[in-house]
Each structure stands twice: as structure tokens, then as C-alpha cells.
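Subject: Structure handover

Hello,

Here is the structure you are taking over. Please open it first, then read the notes below.

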Amino acid sequence: MNGTFRVGNLFGIPFFVNASWFLVLGLVTWQYGGALAALFPTLGPVAPWMLGLFTALLLFASVLAHELGHSWVAIKQGIGVKSISLFLFGGLANLERESKTPAEAFWVAIAGPLVSLFLSGLLTAIGIGAGLTGPAAAIVGLLASINLVLALFNLIPGLPLDGGNILKAIVWKITGNPYKGVIFASRVGQIIGWIAIATGVFGNIWNLVIGWFLLQNAGQSAQYATVQNKLAGLTAADAVTPESPIVSQDLSLREFANNYVIGSTQTWRRFLATDDAGQLVGAIDLDDLKTIPTGTWPQVLVKELLKPIEFSTTVKPELSLLEVVTLLEQLKVQELPVIRENGVLVGLVEKAEIARLLQRQAEANPA
């Protein structure tokens with residue numbers, strides 16, 4: 001992540017801060033240090049700024065606690081947390097995967113605001129119960145207020161805020177489709193973003209910044225969910241590459257060259273070979289043809305040059321295309337063979353063909 005620095009681990013979770021965090025840290029220190037200096041002139045020339053820095057760090061600790069709330073619930077659901085990052089707009093817990101059910105997604109989303117509400121109540125009780133006065137009372141009061149604002153702001157029902165994730169879980173529960181939930185919550189986030197920008201035009205720069213942030217992230221979430229929804233409605237069989245490079249192992253090299261290589265417009269460098277039952281038995285590389293004198297090609301069969309298949313996994317025709325794409329990404333490969341339950345090879349599913357399929361669908365059904 002550009003401009004992001006790892007500063008350690010929190011309960012085994014990698015913890016990062018973005019360069020923008022230092023900007024906000026400096027601004028909060030300057031603004032609140034100046035406020036403390038004005039309210040409590042007896043503090044002297046240095047103490048207000050030290051207290052301002054201390055307060056700024058406690059504010060970010062509150063944001064961190066908020067993200068740890070999300071992370072703790074996710075971990076309880078068996079979801080790994082890749083990292084927690086602090087940046088200009090707050091924090092982000094990067095989870096390995098989504099929750100499996102709407103209820104689980106709801107609890108992950110609401111956990112952060114609940115932590116912030118708890119901290120606000122706790123700090124308010126400490127401020128009142130301990131009878132704090134002076135700078136200590138001011139700092140505790142500010143922290144209580146900020147945690148309340150953090151909770152309420154994040155409950156705004158639009159992605160990428162927690163409220164948007166709560167809304168996503170509700171729509172998911174109603175429709176049975178998690179991607180419809182994301183799209184709906186993203187659209188709400190975009191509407192709220194435009195409202196924030198419209199009000200920010202009249203002089204509130206923070207509304208402009210927040211509005212831009214919501215528009216950018218909600219728009220990306222909607223686009224990503226739209227693609228995921230399309231992929232979830234398709235299967236591996238839908239995206240099998242036409243004229244996949246499949247040949248019979250019983251062909252002679254001459255037949256193989258004449259029928260699949262010479263004059264072909266395809267650029268395949270490797271072909272999958274099948275037996276009489278159509279089951280995958282190996283692969284032949286075009287470069288291997290060079291090792292055999294052309295005069296003997298009619299007598300040499302493809303099966304004599306076969307190599308073991310290098311694919312670490314295969315997929316079934318009925319597998320969701322979304323799961324196929326996930327496998328391609330996890331395995332860092334460009335293609336996977338599609339094989340029926342009885343072992344018969346259907347063809348190859350490739351990243352490029354999946355992209356072409358989505359493009360064809362988009363052209364046939366323009367938004």
C-alpha cells in the first residue's frame with residue numbers, strides 16, 4: 001500500500017499507518033493544543049501542545065479500538081484479519097473474506113460502532129464519577145464526544161461506512177443476495193456523498209472531503225459488486241474457451257500438426273490430450289514437435305510426447321464463475337481445466353475469456 005508503514009502487531013494483526021495519518025495527527029495536535037492554551041493559560045508555553053499531542057494519540061487509539069471491534073467479531077467467525085490501517089479518514093480492518101451469512105455480516109459491521117458507543121459512555125462516566133476538572137476534564141470530555149460522533153457517523157447507512165455494511169446485511173437478508181445488498185448500500189452511499197458535497201460548496205470543506213470519499217469508495221463498491229453478481233449467476237461451463245486446445249492422444253503427430261497447428265489462427269503453445277473416453281491424460285507442447293524428425297511424424301502418436309498435467313486443481317462445469325475467479329486469483333494462474341464428474345474434459349476456462357464474456361453481456365444489456 002503506497003505511503004503506508006507497518007508499525008507492529010496488535011493481537012497478532014499487522015498494524016499500519018498511512019502517511020496521511022501524520023497530517024491529521026499534526027492538525028489535531030495544533031488545533032487542540034491551541035484550544036487548551038487559550039482555555040488554561042496557566043499551563044505555560046509547552047504543556048498545552050504536549051497535551052494536544054496526547055489527546056490526538058488517544059483519539060486515534062479510539063479509532064483503533066473501533067477497528068479492533070470489527071476484527072474481534074470477524075475472528076470469532078473464523079475470518080482472518082489481514083491488517084488494520086489508520087489513515088486520513090479513520091481506520092480500516094482488512095478482512096480475508098466476507099461473512100457467510102447476513103447475520104454474521106451484521107455483527108461484524110455493528111461491532112465497531114458499539115465499541116465507540118461503549119467508550120463514549122465509559123469516558124462520560126469517568127468524567128462525572130471522578131469529578132475531573134481543568135485540562136483532564138476537557139480531554140476526557142472531548143474523547144467521550146469524539147467516540148460518540150465516531151459511532152454515529154459510522155452508522156450513516158451508506159457504504160463504505162459501517163452503517164452501509166449494516167444496510168447491506170439487511171438487504172442481503174431480505175433478498176438472499178449479498179451483492180444486491182452491496183449495490184443498494186453503495187447507491188445510498190453515493191447519494192449521501194452528493195448531499196455532503198452539495199452542502200460543502202457553501203464553505204464546509206470537510207463536507208466536501210467526506211462527500212468525495214463516499215462517492216469514490218461507494219462507486220467502486222457498486223461496480224465490484226455488480227461484477228460479482230454477474231459472476232455468481234454464471235458457471236464455469238458458460239466461460240469455457242471456444243475451441244479449447246484439446247486433442248486425442250491417439251492422433252499421429254502429422255495429423256496433429258495438420259489439423260491443429262498448420263494454418264491455424266489460434267496461438268496455443270500447449271494442447272491438452274484426452275483418451276477414448278474424453279478424460280484428460282496429459283499435455284503436449286508444440287516445442288516438443290521439434291524433437292521428432294518430421295519424416296517420422298506419421299508413425300509417432302501424440303501420447304508418446306505427453307507430459308503430466310501441471311494444473312494444481314480443476315473445476316467442475318457447474319461451479320459458480322465467481323468461485324472460479326477466486327480460484328484463479330488464489331492460485332495465481334491464467335486458466336484452469338473444466339472437468340465433468342465422470343472425468344471428461346470440457347475445456348479451459350481462462351481469465352481472458354471470462355472478461356470477454358462479461359464484455360459481451362454488458363454490450364447486450366447496456367445499463
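Start with Phe11. Its relative accessibility is 73%, so Phe11 counts as exposed. Phe11 sits in the loop between β1 (4-10) and β2. Its phi is near 55 degrees, a positive value in a residue other than glycine. Please keep in mind that this is a predicted model.

A second residue belongs with it. Glu243 also has a phi near 55 degrees, again positive in a residue other than glycine. Glu243 lies in the loop between α7 and β5 (246-248). At 64% relative accessibility, Glu243 is exposed, because the cut-off for exposed is over 50%.

There is one peptide bond to look at as well. The bond from Leu159 to Pro160 is cis. Its omega is near 10 degrees. Pro160 is in the loop between α4 and α5 (162-175).

**Helix α1**

Helix α1 covers residues 19-39, which is 21 residues. From first C-alpha to last, α1 reaches 31 Å. That is close to the 30 Å expected at 1.5 Å a residue. Which residues of α1 are buried? They are Ser20, Trp21, Val24, Leu25, Val28, Thr29, Tyr32, Gly33 and Leu36. And what do they pack against? The partners are β2 (13-18), α2 (47-76), β3 (81-87) and α4 (134-154).

**α2 and α3**

Next, α2 and helix α3 (residues 102-129). They pack at an angle of about 140 degrees. Their axes are 7 Å apart. The crossing of α2 past α3 is right-handed. On the α2 side, the contact uses Ser62, Ala65, His66, Gly69, His70, Val73 and Ala74. On the α3 side, the residues are Trp107, Val108, Ala109, Ala111, Gly112, Pro113, Val115, Ser116 and Leu119. By class, this contact has 10 nonpolar, six polar and no charged residues.

Ala111 is in helix α3. Its relative accessible area is 9%, so Ala111 is buried. Leaving out residues up to four places away in sequence, Ala111 touches Gly69, His70 and Val73. Ala111 and Gly69 are 42 residues apart along the chain. Their C-alpha atoms are separated by 5.2 Å.

**α6 and α7**

Helix α6 spans residues 178-200, and helix α7 spans residues 205-232. Their axes are 7 Å apart, at an angle of about 160 degrees. The two helices are therefore roughly antiparallel to each other. Is the crossing of α6 past α7 left-handed or right-handed? It is left-handed. The residues of this contact divide into 15 nonpolar, 13 polar and one charged.

Asn177 is in the loop between α5 and α6. With a relative accessible area of 16%, Asn177 is buried. Setting aside its neighbours within four places in sequence, Asn177 is in contact with Trp172 and Asn229. Asn177 and Pro102 are 75 residues apart in sequence. In space they are 9.4 Å apart, C-alpha to C-alpha.

**α7 and α9**

Last, α7 and helix α9 (residues 321-331). Their axes come within 6 Å and cross at roughly 115 degrees. These helices are therefore roughly perpendicular to each other. From α7, the contact takes in Gln228, Leu231 and Ala232. From α9, it takes in Leu321, Leu322 and Val325. By class, there are five nonpolar, one polar and no charged residues.

Leu231 is worth a click. Leu231 is in helix α7. Is Leu231 buried or exposed? At 5% relative accessibility, Leu231 counts as buried. Not counting residues up to four places away in sequence, Leu231 touches Ser320, Leu321, Leu322, Val325, Ile354 and Leu358. Gly80 makes a separate reference point. Leu231 and Gly80 are 151 residues apart along the chain, and their C-alpha atoms are separated by 24 Å.

Best wishes

Technical notes
Residues numbered from 1 in each chain as written. Predicted model: local features only at pLDDT ≥ 70, side-chain atom pairs only at ≥ 80, totals over all residues. Heavy atoms only, no water. Helix = DSSP H or I, 4+ residues; strand = E, 2+ residues; numbered from the N terminus. Expected span 1.5 Å × (residues − 1). Buried < 20%, exposed > 50% of the residue type's maximum accessible area, 1.4 Å probe, protein only. Contact = heavy atoms within 4.5 Å. Axes fitted to C-alpha atoms, helices over the stretch in contact; angles between N-to-C directions. Parallel < 35°, antiparallel > 145°, perpendicular 65-115°, else oblique. Left-handed = near helix turned anticlockwise from the far one by under 90°. Nonpolar A, V, L, I, M, F, W, Y, C, P; charged D, E, K, R; others polar.
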